[in-house]
Every structure is written in C-alpha cells, then in structure tokens.
Amino acid sequence: MPLSSILDVPESRRTAIARLAKEFVPGRHVVVTTHMNADGDACGSVAAAARLLAAQGLVPRIVNPTPWPAAFDFLLDEGVTNATGRGASAIMPLDLLLVLDVSDVKRLGNLASTVRTLKVPRLVVDHHVRTDEPAGDIILADTTACATGELLFDLAVTLGWEITTPIATALYTAILTDTGGFRFSNTSPRCHAVAAALLAAGVDPEAMYRRIYASVSLGRLHLLRDALDTLEVDADAGIAWIALPAEALDRHDVSAEDLDGIVEHPRSIAGTRLALFFRDLGHGKVKVSFRSTGDIDVNVFARRFGGGGHARAAGALLAGTLDNVRRTVVDAAREFVAQPASASGPEA
C-alpha cells in the first residue's frame, strides 16, 4: 500500500461511521461503557470517545461495570469521570448508549441485563470477532483494526472532528497497550501510521512508556514471582502455563490490573506455541487467559470453554477448582495444538 494512502479510512468503516454519526445529536445524554476489568484499549477508547462527543455538544458520562483501573487514572480529569460502582442505575437517564471494545453483551457484566432492555439507540465500536449477541444495533466493527482505538481515530477523521492532545493520548494508550507496545501480530503498517498521527497531535511517547510500562509496584513484582514459581512447560507440545490462587492479590496488596501482561512470560519461552494463565477467582470460578504464537488460534480454542477473543489472545471463565480446571484445559490444549493447522490456525 502506498504510504500516501495508508491512512485512508476503508469504505466499509466509512459506511458504518455514517450510520453512527446520525445518532450524535448535540444535547443528547450519552453513556459510554466497556467490558468488565477494562484494559488499556477499553480505557483509552472510553476516555477518547467521551472527549470527542463532549466537543460535539453531546453530554457523555462513563459508566463501567467494574472499577476503573488506577493505572489509567491519567486519562480522567474533571471533565472526564466515571460512575463505576453505582451499578446499572448509573446508566439512567440516557438518550444514547455507546459500547466500546465489546463484541458480546455478556462482557458488560452487571450492566448487561439493563443494556438488553434499553429502548434508546445502542451503538458499538469494536475490533473483536462478532458473537450471536452483540451489545448494540448500530455497529462499527472490524477485526483487522489493531485496537478499538484505531476505529475511533477513523471515526474522528471521517467526521472531521478535532483530535486534541488529550484525545490523542487516550487513543495512543488504546493502541499501545493492545499491540503490546507494537510487538504483537496485530501491529500493522496502518497501526504505526495512526500512532504517528497521534504523536503529531502532541503525544509524548517517553511519558507514555513510563506511565504504562515503567511504574509497577513492588507488590506486582512479588505477584509475578509467585506466578513464575508455578511455571510448567510441555516442551514436546509447545505449551507453557502458570497459575495463581485466589488469595494472591490480597496477599501482595495488589489489584486485578497488576495481572496484566503476566501471561506473556510463559509465551516468551522459546518453542512455546500456546501459553495459559490460570487465575482462581474463588467461589468455584477460574479465569483462564490464552496466548499463542505462530499458527495457533486461541479464539477458536477459548470458544470450547465459552470464551473468546482474538486469534493470539483470548480468555474464558470456567467453573471448578483451580487444579481441575488446569488439568482439563491443559489436556485439551495438548490435543488442540496437535491438530493440523487448518483446524487450530487462524483460518479455522
């Protein structure tokens, strides 16, 4: 693709953006939300969208199903706040709902049942594989986007909305984190071009690195130590996995956001095709994070357990004890990676 056209917004995205734009009527009260346990793409997208809509005369407020991660507090200020903690009642009243980085309404957690019954327009901007129950009716979705933040960038450009430095910082956060610092397979030439445009809008890349990757707590390092103590590797199958018990977060006085990136350590082992991270949530529930390299599509694998995500990164929530879930999933993983590429690869 010629460099001169790399930032051109694909026609399919423009068509979807035109449908969304009809709902952005000045004066409307808009609730902006995202999935449980919001990550960098979710938080960056939500913060950017709230600012973009406010600049167009709408009245946005952020209502997330779980607490806003402290690591991304820098994206909030007196003009962009969130109502997390007040439950579904915080959604009302509203004229419009904007759901970001969510392909399935169930990922809205305690907000899902309310969202299902809303009579106002429900908009979705997302880059995951679409499911049978999306969270809205008017959808801008494209799995080729490196992050939901990329799609919001396209929305702003297509509609001629100004991308100020705070908006650019939020969008850069979304793209930087969802590409693993521009290391993952979703890092496309266009992704770098969008990031360059955001840098031109005033983003400080060194400050962003310090905020996101170089400000960890001592408790997080202790948590990582405990996780690596459980490391197991099946070199013949190309599988590696780690686990944490339910009390680990309390023991080190850390939060769930401090788990971000831990699964990358087993994935980084030479020869690993599939990495697994098992986190005991207590009450008979275990969260499993899946990461892969090469020809393994973990979105396909996660669907076996009612989960999903991307080809290289997915997750699922399973019932059972930590030991039982770990044994079940690892056994299934050995079988899965042994299948021909056509059955376990991205084209499946």
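This is a predicted model: local features need pLDDT of at least 70, side-chain atom pairs count only at pLDDT 80 or more; totals for chains, interfaces and linings use all residues.
## The parallel sheet

An open sheet is formed by 5 strands, which follow one another in the order β2-β1-β3-β4-β5 with parallel pairing. The edges are taken by β2 (59-62) and β5 (138-141); each has a single partner strand, so one side of each is left without a neighbour in the sheet. From one strand to the next, the twist averages 20 degrees.

Within this sheet, β3 (residues 96-100) and β4 (residues 122-126) pair in the parallel sense, and 4 bridges join the two strands.

Helix α2 (residues 40-55) lies across β1 (29-33), β2 and β3. Relative to β2, helix α2 runs at about 165 degrees.

## Salt bridges around R13

Side chains of opposite charge can pair when their charged atoms come close. In this model the count comes to 20 salt bridges. One of them joins D142 to R13, with the closest N and O atoms 2.8 Å apart. This pair links distant parts of the chain: D142 belongs to the loop between β5 and α4, R13 belongs to helix α1 (residues 11-21), and the two are 129 residues apart. Both partners are buried, D142 having a relative accessible area of 14% and R13 one of 3%.

R13 also forms a salt bridge with D154, and here the closest N and O atoms are 2.6 Å apart. Because D154 lies in helix α4 and R13 in helix α1, the pair ties together parts that are 141 residues apart in sequence. D154 counts as buried, at 0% relative accessibility.

## A salt bridge between two loops

Another salt bridge is the one in which the side chains of R273 and D295 meet, at 2.9 Å from N to O. R273 lies in the loop between α10 (264-267) and β8 (274-282), while D295 lies in the loop between β9 (285-292) and α11 (298-303), so the pair ties together parts that are 22 residues apart in sequence. R273 is partly exposed, with a relative accessible area of 25%. D295 is also partly exposed, with a relative accessible area of 30%.

Salt bridges that share partners join R13, D142, E150, D154 and R190 into one network.

## Cysteines

A search of the whole structure finds 0 disulfides. C43 is in no disulfide, and the nearest cysteine sulfur to it, that of C146, is 17 Å away. C43 is buried, with a relative accessible area of 0%.

C146 is likewise in no disulfide; its nearest cysteine sulfur is that of C191, 3.4 Å away. C146 is buried, with a relative accessible area of 0%.

Terms used. Residues are numbered from 1 along each chain as its sequence is written. Side-chain values use heavy atoms; hydrogens and water are left out. Two strands pair if DSSP finds at least two bridges between them. Axes are lines fitted to C-alpha atoms, for helices over the stretch in contact, and angles run from 0 to 180 degrees between N-to-C directions. Contact means heavy atoms within 4.5 Å. A salt bridge is a side-chain nitrogen of Lys or Arg within 4 Å of a carboxyl oxygen of Asp or Glu. Buried means under 20% relative accessible area, exposed over 50%, partly exposed in between (1.4 Å probe, protein chains only). A disulfide is a pair of cysteine sulfur atoms within 2.5 Å.
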